Amino acid sequence: MRGYGWKRSGMMLAAAALIASGCTGGGTKVTEDSTAPPKISSDPVTVKLAGSRGLFTDEELKLYIMDPLAKKYPNITVQYINTSEKGFGLNELITAGDIPDIVMGYGSTLPQLKDLNLLYNMDPLIKKYNLDLNRIIPEFLDYIKVNGRSDFLGGLPAYNNAFALFYNKTLFDKFGVPYPKDGMTWEEVGDLGKKITRNFDGIQYRGFFPDGVARMAAQINLYQMDKDNKSIMATEPWKKAFELWNYIYNYPGNSDEPFNTINFGNNQAAFLKGELAMITGYSSTLNALRKAPDVNWDVVTYPQHKDKMGYSTGVDTPNFSITSSSKNKDAAFLVIETILSDEVQLNMARNGKMSVLANEQVKQEFGKGIPEFAGKTYNLSSIPRLKPSVNKPPVYTGSDTNKIVIDAYESVLKKEADINTALRVADEQMNNLVQSKIKMEK
């Protein structure tokens, strides 16, 4: 049996009371010019929702989708299909004739749906149900159109993986270094890291892990290829990007083995252990800190590029897309509308999944419902403060092209190549990759 159904619970884990100012009911807006809201069918219907298990846990599916839906539209049942499970990937579902009504995934899912002729224009349903798009942070809507390579919305955002700079207060206190502040640049954060980095009492303390250089590239809209899908890796902007990363990360004591590779998990473990002072992270770091009560930490805004102040890294949000072949488009839309309601979005924000709503008061509530943080004064509202950058991906982009960038910088970290050589190799690999993909399409 594909996926599994969910039993309705008579009790809903209620979200915190809705913030009165700036919120607009359940996510619909009817103006004086609007036609009357459409009549919603009460006939029983099952909506198939397919997506990776990493997007929502079982508990989160229940809390943010199943329970609110049972309360608002009790006739709609959601059947979840885990596309991470072997044999249940999107292509396999299509081959089996089991096409879901809703597909949830990141930006790369949108061109995949388009290639499969499953990308559906949701604009008419948005208009039909008077969904007020002004409630949503505009960059997330731009991201959907850009990645879908369309002038319509082929999906709607679910939540915001907002990035920030986490720091270990104990290490800053130990070495008499001032804490990071909101609004710092990469260079400023890197300078703080250098003040921390040292071997003390036989322990190597490290200052800063900024994650991969591609994060900053997304922040300033630095692309791997031009509009004709020719590599631009061996250019001055990429050289400057690698030089910046060398300045803030690649120096003795901070990037020595085993930290001469871009491995987020290893560095997050070092941060929790108290041997790394700062790390750029997001909700995964927040969840890890929930299980580490002995870490004395806080958080400030994501490091900014001095040439593009006010922006974090690229948009990082899963989307919900109705498939063009769905026989239950209206019911599927009501599922998505429920997820975008003020109540659900506020509940997600309070529990550590940042809302996609533009409402500043919802942003201020971020993390306040996390029981492990009760009574603490963490600067959590700084996490969604910056604007996300929207990048227009070339036709050929994905994990394989990103790997070329990662490998290039790691060759510099490992002292296997200088920056110019690493970028020339990456440039050649990128062009070869594109040519191989073009041949496969013919």
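Keep in mind as you click around that this is a predicted model.

Colour the strands and look for an open sheet of 5 strands, in the order 2-1-3-11-4, with mixed pairing. Now pick out strand 2 (76-82) and strand 4 (156-157): these stand at the edges with a single partner strand each, so one side of each has no neighbour in the sheet.

Next, select strand 1 (residues 45-51) together with strand 3 (residues 102-105), which pair in the parallel sense over 3 bridges. Click on G51 and you'll find M104 of strand 3 standing opposite.

**Stop two: the helix over the sheet.**

**Stop three: one leucine.** Jump to helix 7 (residues 186-196) and select L192. Is L192 buried or exposed? L192 is buried, because its relative accessible area is 6%, and the cut-off for buried is under 20%. Show the contacts of L192 and you'll see, among them, F172, V177, Y179 and M278. Then draw a C-alpha to C-alpha distance from L192 to A277: these two are 85 residues apart in sequence and 9.3 Å apart in space.

Finish at the second largest pocket, with a volume of about 510 Å³. To land there, select T57, E60, S283, N287 and K353, which lie nearest its centre among 21 lining residues. Helix 1 (58-72) and helix 11 (283-290) are the elements giving two or more residues to that lining. Colour the lining by type and you get 6 nonpolar, 9 polar and 6 charged residues.

Definitions and conventions:
Residues are numbered from 1 along each chain as its sequence is written. This is a predicted model: local features need pLDDT of at least 70, side-chain atom pairs count only at pLDDT 80 or more; totals for chains, interfaces and linings use all residues. Side-chain values use heavy atoms; hydrogens and water are left out. On a 1 Å grid over the protein atoms alone, a cavity is a set of points where a 1.4 Å probe fits but cannot get out, and a pocket is an open set with protein on both sides within 12 Å along at least five of seven lines; lining residues have an atom within 4 Å of a point. Grid points are joined across faces, edges and corners, and a volume is the space filled by probe spheres set on the points. Helices (H or I, at least four residues) and strands (E, at least two) are DSSP runs, numbered from the N terminus. Ala, Val, Leu, Ile, Met, Phe, Trp, Tyr, Cys and Pro count as nonpolar, Asp, Glu, Lys and Arg as charged, and the others, Gly among them, as polar. Two strands pair if DSSP finds at least two bridges between them. Buried means under 20% relative accessible area, exposed over 50%, partly exposed in between (1.4 Å probe, protein chains only). Contact means heavy atoms within 4.5 Å. Lists of a residue's contacts leave out its neighbours within four places in sequence.
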